[in-house]
Amino acid sequence: MLKNRIIPCLDVKDGRVVKGINFVELKDAGDPVEQAKIYSDGGADEICFLDITASNENRETIIDIVRKTAKECFVPLTVGGGVRTIQNITDLLLAGADKVSINTAAVKNVDLVKEASKKFGSQCIVVAIDAKKVSDNKWEVFTHGGRNKTGIDTVEFAKKVEENGAGEILLTSMDKDGTKTGYDVDLLKTITNNTNIPVIASGGVGTLDHLYDGIVKGGASAVLAASIFHYGEYKIKDAKEYLNSKNVSVRL
Amino acid sequence: MNVTIVDYQSGNISSVINSFTEVARGKVNLEVTSDINKIKSCDKIVLPGQGSFKSCADSLNKISGLVDTLKDFAITNKKPLLGICVGLQMFADVGYEEAETKGLGWIPGKVSRINNQKGKFKLPHIGWNEIEIQKESKIFKDIKNKSHMYFVHSYEFIPEDKSVISATTDYSSKIVCSVEKDNLFGTQFHPEKSDKIGLKVIDNFLNL
C-alpha cells in the first residue's frame, strides 16, 4: 500500500535557513544542509527547499546547497522558488534535485510546465499553487509569494497544469499559511476531487491532528509542514507515530 | 572492480551518481560514461532511466554501438547489469508510453500504463510503497520483506515469464517492482532515493 508522505520544508534565503530548527544537536542553526540531513535521518519521506532569495544573482547559492544536500540525503529532494526557465530547472536537477517546483512562472506561461515535463519527465515537475479564498467554494490563484492576484480560478488552473504534464501539485492556502490553525480542508478536497495527480497539502499546520485532516479529510497524498518541525515541537517520528496510531499508513 | 553508470541522456541521473558514489567509496571504481570502450571493459553496468520509455529508447539508439555493446555485455557475456526505473523497463520487447516503441527485448514482455481503475488510484504512483518479495534475489540480501522503497512512475513492466519477478508492490494491482534473470537485475523503484534500505540494495549489487 502506498504510504502518505510527510515532507518538512525549509525556507532558504541567501543560503541560510530562515525559520531555523531549534534542535539542540544542531551546530549551526542556519545551515540548510545540516538541517536537511537531520530531517532525512529522522525519517522524512522527502525534503523540500523553498528559495525565498529576492534577487536573481543569488541562484548559485541555492544550487550549491542542493549539490551539498544531495550528497548526504538519499531521499527525494524538491526545490522551488524563482524557477522561471528550462535552464533554471536543468541547473537544479544537475545539482541533485529530484523534483523542481514551479510557481509564478507556471501561471504566467503554462507552456513552461509542458516543455519541462516533456524534457525531464512529469515525475520531476511539481506545480506550486498559492490559493486564496474569494467566496464559498471558490479560490483564486495568487503569485509572487501571495502578493499578486491573478483572477484565475484554482480548480481550473489545477486541471490545466495536470493536462500540461505536472506530476504533482503543491497546494498552499494563503489564508491559512502561518496561522497554525490547520490546512484549508475544503480547498484540498476540491482540488483532490478534481485532479488525478497527487496533491501535497501546505499552509497552516499547527498540530499533528492537522496532518491527519489534510490526508484523511482533504485527500492529500502528502503533507508539507515547516514550523511545527523547525521549532522542535514535533519530530518527524512523532508525526508518523501519531498518524499510524490513527490508522493512517505511513513509512515507519 | 569497475562499475559503469551509463550516461545516455536519459534524464536526471545526479541522484544515481550520488548514491552509488556514497556506497562505492573505497571499494569500487565508479565511472559515469557513454564511452563504448569503457563500457565494454567494465565489470558491472548500471542503466538508469527517467522520463518516458520512448525518450530513453531513442537516447539509447542515438549513441552509435551502445545497444550492441550492452547486449554483448549482458546477454552474450552474462555480466551483471542493473536497470533502474525506465532502465528496467528497457529490458522489455515493447513499451507504449508516448508511442509504441521497441525496447531492448532482453526479457520478453511489455511496458504499459498502470491500470488506475478509472482514476481511483492517482498517477504517477509517487511515494513510498512496500515491496513484497516473490523470490530470493541477490540484490535483496539482508532486506526484509515489506521494506519501503521510493517509486515514481505511471507505467509498469509486465514480463511474460512470471518467474523473473523478484518483488511486487501493491498499487491498484500487484505491480512488478523488481526482476532478476540470471545476471540481469532491475528495479522499478529508485534505490538511490530509498534511504538506507535503498543504499543496501545498491551495496548488494556492488558486492555481487
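**View 1. Gly127(B) stands opposite Phe151(B), a residue of strand β10 of chain B.** Strand β10 (residues 148–153) runs antiparallel to β8(B), and six bridges join the two; strands pair if DSSP finds at least two bridges between them. Six of the six residues of β8 (residues 125–130) of chain B are buried, so that this strand is mostly covered, where buried means under 20% relative accessible area, exposed over 50% and partly exposed in between (1.4 Å probe, protein chains only). Strands (E, at least two residues) and helices (H or I, at least four) are DSSP runs, numbered from the N terminus. This is a predicted model, in which local features need pLDDT of at least 70 and side-chain atom pairs count only at pLDDT 80 or more, while totals for chains, interfaces and linings use all residues. Side-chain values use heavy atoms, with hydrogens and water left out, residues are numbered from 1 along each chain as its sequence is written, and chains are lettered from A, and ligands numbered from 1, in the order in which they are written.

**View 2. Leu123(B) and Pro124(B) are joined by a cis peptide bond.** The omega angle of this bond is about 0°, and Pro124(B) is found in the loop between β7 (109–113) and β8 of chain B.

**View 3. Lys146(B) has a positive phi of about 70°, although it is not a glycine.** Lys146(B) lies in the loop between β9 (132–133) and β10 of chain B, and counts as partly exposed because its relative accessibility is 43%.

**View 4. Lys180(A), which is not a glycine, has a positive phi of about 60°.** The loop that holds Lys180(A) lies between β9 (168–173) and α7 (185–194) of chain A, and with a relative accessible area of 33% Lys180(A) is partly exposed.
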